[in-house]
Amino acid sequence: MGVISVEHSDRIFWLGRYTERVFTTLKNLEKQYDSMIDDDPMIYMEFLQNFGLDDIYGNMQNFVSSFLFDQNNLHSVAYSLEKAYDNGIVLRENISSKALSFLQLAKDTLNKAFNSQKGLLFSLLPLEDSLFAFWGCINEYIYDDEIITLLMCGKYVERLDLYFRLKYDIKYIKLEFERLCDYLKKVPENTPYRYNAKYLNDLSEIIDIKEKYTDRLNDAVKSLGNLFLK
Amino acid sequence: MRELKNENSLADTPAGNANEINELLRRYGVKFGIYKNGVFNEQFFPFDPIPRVISAEHFAVIEKGLIQRVTALNMFLYDIYHEKRIIKDNIIPEDFIYMSSGYLPQCEGIMPPKNIYSHISGIDLVQGKDGKWYILEDNLRIPSGASYPLIARELTRVASPKIFSDNPIADNRNYASLLKDTLDFSNCGGINAILTPGRCNAAYFEHSYLAELTESVLVQNHELFVENNILYHKTYSGEKNKVGTLYRRISDEYLDPLTFIPQSLIGIPNIMEAYRCGNIAIINAIGNGVADDKGIYYFVPKMIKYYLNEEPMLSNAPTYLPFYEKDKKYILDHIDKLVIKDVSESGGYGVTFGKELSKEKLQEFKSVITNEPRRFIAQEIIDFLELPIMDGEKAVMRKADLRAFVLSGESTRVWSSGLTRFSRNPDSFVVNSSQGGGFKDTWVLSQ
């Protein structure tokens, strides 16, 4: 067993969560933005409803801008990226300077995209690249399995949470759940991120109802939220 | 002395790639923090791409002189906390020991593992216009700054590889292995840990970067505890790992609230007991402040003669102590030509140039010196060498010093590089980063 403290385990887990939140939010915003080009300009309303949020934006342009760049919007890419960096900066010795540099690069890219005169989707492409590079570094430079396990648990918990809320197809939910389970099993006993068997079973049951998982969406999100013993 | 090949075109030099290097430094988060008006700000450390170049010949002299000096300082620290021969033999007046804020009676009789006190010494030097090197200050507590030229070199090699293949520049990227050897040598059994006060510390980048490179565990005080006089790191599974070496990056007075400042929120209760029992190597040792006190600096050449029976190879800046009547008279008569330093201050603070004071202020200052002679030292102003730094597109000349790093483990070694700090203000001699200064890499030629 490594030398991860409780505080570091939290940081590692949340680094995984926030980095994934940036990635999945970005992918969805890109999809929304693309739809806006030749489709219903009010399509973003559905996105807001999925998160139980009111439309305070008025139009797609304001919505996308806020969800991408507004540091004060707790759901924005900018906010999540800052949080990911805040966790990453105190984990340099765990995740490597190289991996951390890609989070800085992602922040710089987002700033550039905000000021760019070019197409938004084009300007955001390097941001996705940085995130892929970040995860590549995690795989390449970290030899401590416990750190990778905690990071991946954070990543897939966040991904499932967002997929639930955004009502992704059950096919993807199942695949991501399997990925999460693979990592959950590796978390050592007597640690804060060891899974809670009851909630893991509940989650498994809900997901096994095939297409109808959306009927029990609240239970699914709740079980995910209670997944760990801490 | 600059002995680089001249054939390199600007595009091959770091100066020609300044933007690229700064971009990389930014990307790697090379920052330092400053508190200004109570607010913490993290900023990128201004890097100047024109390196300071030191010839192999000059560096050989510096290296020998520094090893001599640090060896004597380590012997002095042992002596002060044990036999006190240097006081008994009237080499240093006892006032200078016992009135020093760095002298800690709690360290009396404690023998640090392997009898090393200053494992990492940061010695500040300047080069006079005559080419001679002078020691300005010894930093034996928590000297910081090695990480900056270390990462700058790594990134400069990426941006300007050709100049390194064309010139015999000593590779400085061995600092991490020198440091790890030092940590390992004193280790009392257990992991190596670096204790940081946290992200809001000015040198947090350095703490985390050195932890990464030396494969040490970066810890804060709440992750550590002492049980049966042994220091442990608590893991998230509740297991405890013995810590064998603690490279602490917090000051002595905050280290153990049960021994020093009771209100310290960043210390570890009872670590002093673990240290006293010889169960933990604390790097640098507690109580080193007595040896890098500005007043004690005056006596270092005498220490070298006393402990090693050798003549000092490197000179101090000419220094006067108002504690001695003869020196006091000289200081008061020549104050307008001297720089006066308050021994209790650091970081470039408490430094007064006599020539900058009005007649009234000068008179006031003379009274303070007369009334508190132990509080000050006075030095001749060394007209030290200026180095070129980039100011936009053009190079301008600025004052610069050199912090050399000496590591003491199985042997005492000098890192073939160092932190060159420069003043950004053309009229200033103060180079500290906390006062707006920047840094350069230091290239030591290997031939």
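What percentage of the 230 residues in chain A is buried? The answer is 41%, where "buried" is a matter of counting: a residue qualifies if 20 or more other C-beta atoms, placed from the backbone, lie within 10 Å of its own.

A quick word on what you're looking at. This is a predicted model, in which local features need pLDDT of at least 70 and side-chain atom pairs count only at pLDDT 80 or more, while totals for chains, interfaces and linings use all residues. Residues are numbered from 1 along each chain as its sequence is written, and chains are lettered from A, with ligands numbered from 1, in the order in which they are written.

**Chain A**

Chain A has eleven helices and zero strands (helices are DSSP runs of H or I with at least four residues, strands are E runs of at least two, and both are numbered from the N terminus). Its C-alpha trace spans about 50 × 45 × 25 Å along the principal axes.

Now take contacts, meaning pairs of residues whose C-beta atoms, placed from the backbone, lie within 7 Å. Of those in chain A between residues at least 6 apart in sequence, 66% join residues at least 24 apart.

| Domain of chain A | Residues |
|---|---|
| domain 1 | 6–142 |
| domain 2 | 169–230 |

Their C-alpha centres lie 24 Å apart.

**Where chain B meets chain A**

Here 20 residues of chain B are in contact with 21 residues of chain A. On the chain B side, H8(B) gives the largest share, four residues. Helix H8 (204–214), strand S7 (217–219) and strand S9 (230–234) of chain B each supply at least two. What kinds of residues does this side hold? Seven are nonpolar, seven polar and six charged.

**A helix in chain B**

Helix H12 (residues 300–308) of chain B has B:Val300, B:Met303, B:Ile304 and B:Tyr307 buried. Why are they on the same side of H12(B)? Because they cover an arc of only 100° around the axis, going by the directions from the helix axis to the C-beta atoms. The buried residues of H12(B) pack against several elements of chain B, including helix H2 (56–80) and strand S5 (133–139). After H12(B) comes B:Asn309, with a positive phi near 55°.

Technical notes
Buried ≥ 20, exposed ≤ 12 C-beta atoms within 10 Å, placed from the backbone. Contact = placed C-beta atoms within 7 Å. Nonpolar A, V, L, I, M, F, W, Y, C, P; charged D, E, K, R; others polar. Domains from an automatic or database assignment.
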